[in-house]
Amino acid sequence: MSAIDPGRFSPSPGFFRTAERLETAGFEAWAVGGAIRDAYVRQIGTKLDLPDPDWEDLTTDARPDDVMRLFPRTVPVGVSHGTVKVLDGDDGFEVTTFRRDVETDGRHARVAFADSIGEDLSRRDFTANAIAWRPASGEVRDDWDGAEDIEDGILRAVGEPEARFREDYLRILRGFRFAGRFEWAIEVRTDEAMREAVDGLSGLSAERVREELLKVMADPRPSAALELYATCGALGHWYPELVGLAADGDAWNSALGPVDAAPAHAANVRLASLLVAASETPGGRAEAAEWLLSRLKFSNADRRYITRLARLYLPFVGALDSAAEHRRWLASVGDAWEDLFELHFAVARAAGEPRAERYLEATRERIREEREGDPPLDLARLAVKGDDLLALGMSPGPIVRMLLEELLEQVIEDPARNEREPLLEEARRLIEIGALAEASRPPDAPAAGNGLPAADD
C-alpha cells in the first residue's frame, strides 16, 4: 500500500474539535470520502488546478441520537440514513454513523448501521473514495488500496464492480466525473461493468442526474467526463438531443472545446456552449435546450436563461458595426449580453485564435461604452406610453404596441429622439399616413384606408 502522510492533511479547527469531542465520549471519528481523496491527489503532486479539499464529512460508530446529545447545535439533515450536521461557529460538519447496505434497487438503498469502519468502507463506490483517516490517532485505513490506485491514476470499483453499480446506477456517472476530473484510466472490469449497467441510468431521478451534470460542469475540463458519457452510451438515456452531435467525432470535439474554455464558475454559460452546437438554427438550439433542461428539472429561471443564451448566440455583433447596430443588439439580448460574449470568447479560445479574441475584446469594449451611456433600449424607457397614443385617438389593440415599437426603433437609432413632444409628432405622422395599418395588413388582404383614426378624430 502506498504511504499517505496524514501530517500534511489540513482540516479546519472546527473539524478537529468535532472529531475530538466524539473520541472523548468514547466513539471513533474518521474523516472519509472526497476530502481524503483530494488531499492525497494534491499530496502526490498533480498538474491539475484542483480546489482545496472540502473537509466536511466524518463517520463514526456513534448513533444519531448520540451525536445530537453530544453537540449543542445540530441539524438532523438525514437521520434516517444516519447523518447529523454538527454546527461549529459558521461551519457545519456532516457526521454519519457507520453504515452497510441491506437492500438496493439501483436508485435507492436501505441501509443499516454498522459497527466498524471496515464495514463502512466496503460499501463505498470506488477505491479512491474508500480511504479513511482517524484524526485522533493519525491512523489511515485503506482496505481497498485506494492510495495505490490514486498514484497509478486508476479508477477502480470497490469489490465486485457489477454489484457496486447495481446498488446505485448513479455511480456510473460519478465514475465518469472522477475519471474525467483526475484524468484517470478506468480499470478494465470497472469499465466493462459500467457499460453493461448503463441502461440502469434511465431509472435515476432527474434531480440526481442534473446535480451530477452540474458537478461535471464545475470541473476544470468537463469534456473528459462528457466524452465518457458519449462513448459509454449514457447520452441516449438523459441527453438524446446530443446523441447526433456526439456521433460526428469532429463536431463533438468542436462542441466540447468551448465548454472547457468557458469560465468554470459559469455553469449556465458552459451548458449553453454545449447546447448551441446541437442545432444550426436559433429555433433548433432553443428547442434542444428547452427539452434537455426540462427533462433534468432545472429551475424555471435557469431553464429560461440558458435557452435564451442558446437562441441568441447568433446572429452576433462586431466591432465595425455602427453604434445604432450595437444598441439594436443590446435591445434584443438584454441582460444576457455579457454571457453571450463569454460564449464567443470560449469558441475563440478553444480554436486557438488570438486575433479573434482581440476582435471580440474590441467589440465588447464598444458595447460596454454604449451601455455606459445608458441609452433607452426598451419600451419602459420610451418617453411616450400607450396612454399617450390613445389620447391621440387610437383605439386600444395590438397596433398601439406596434406604434410604440416603431418609435422605440427610431430612438435606438438616435437616442436624442427620446423626447415626448417630437415622438408624439412622429406618432401623429405615422397615424396620418397609415404606415402601421398597412404594415399589419395580411399580404392577401385588400387595402381599405389606413385603418387608423385620424389624429383629429
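Biologist: What should I know about the numbering and the model?

Modeller: Residues are numbered from 1 along each chain as its sequence is written, and side-chain values use heavy atoms, with hydrogens and water left out. This is a predicted model: local features need pLDDT of at least 70, side-chain atom pairs count only at pLDDT 80 or more, and totals for chains, interfaces and linings use all residues.

Biologist: How do I read the sheet, and what is its strand order?

Modeller: Helices (H or I, at least four residues) and strands (E, at least two) are DSSP runs, numbered from the N terminus. Two strands pair if DSSP finds at least two bridges between them. Here, an open sheet of 7 strands runs in the order 3-4-5-2-1-8-9, with mixed pairing. Strand 3 (74-78) and strand 9 (139-141) are the edges; each has a single partner strand, so one side of each lacks a neighbour in the sheet.

Biologist: Which strands pair with strand 1?

Modeller: Strand 1 (residues 29-32) pairs with strand 2 (residues 57-60) in the antiparallel sense, over 3 bridges. Ala29 stands opposite Thr60, and Ala31 opposite Leu58. Strand 8 (residues 132-134) is also antiparallel to strand 1, joined by 2 bridges. There, Val32 has Ala132 as its bridge partner.

Biologist: Which way do the side chains of strand 1 point?

Modeller: In a regular strand the side chains alternate between the two faces of the sheet. Ala29 and Ala31 point one way from strand 1, Trp30 and Val32 the other. All are buried (under 20% relative accessible area; exposed is over 50%, partly exposed in between, with a 1.4 Å probe and protein chains only).

Biologist: What counts as a nonpolar core, and how many residues has the largest?

Modeller: A core is a set of buried Ala, Val, Leu, Ile, Met, Phe, Trp, Tyr and Cys residues joined through side-chain atoms within 4.5 Å. The largest has 122 residues. Trp55, Phe176, Leu226, Tyr239 and Trp329 have the most contacts inside it. Helix 21 (residues 398-413) gives the largest share of this core, 8 residues. A second, separate core of 7 residues includes Val32, Ala114, Leu121 and Ala132.

Biologist: How many aromatic pairs are there?

Modeller: Rings of Phe, Tyr and Trp (its six-membered ring) pair if their centres lie within 6.5 Å; planes under 30 degrees apart are stacked, over 60 edge-to-face, the rest tilted. The whole structure has 15 aromatic pairs. Phe15 and Phe93 are edge-to-face, 5.8 Å centre to centre, with 75 degrees between the planes. They link distant parts of the chain: Phe15 is in helix 1 (residues 13-24) and Phe93 in strand 5 (residues 91-97), 78 residues apart. Both are buried. Phe176 and Tyr229 have ring centres 5.6 Å apart and planes at 50 degrees, so that pair is tilted.

Biologist: Which charge sits over a ring?

Modeller: The test asks for NZ of Lys or CZ of Arg within 6 Å of the ring centre and within 35 degrees of the ring normal. The charged end of Arg21 sits over the ring of Phe71, 5.6 Å from its centre.

Biologist: Where does the backbone deserve a look?

Modeller: The peptide bond from Leu314 to Pro315 is cis, with omega near 0 degrees. Pro315 lies in the loop between helix 16 (300-312) and helix 17 (323-333). Asp145 is a residue other than glycine with a positive phi, near 60 degrees. Asp145 is partly exposed, with a relative accessible area of 35%.
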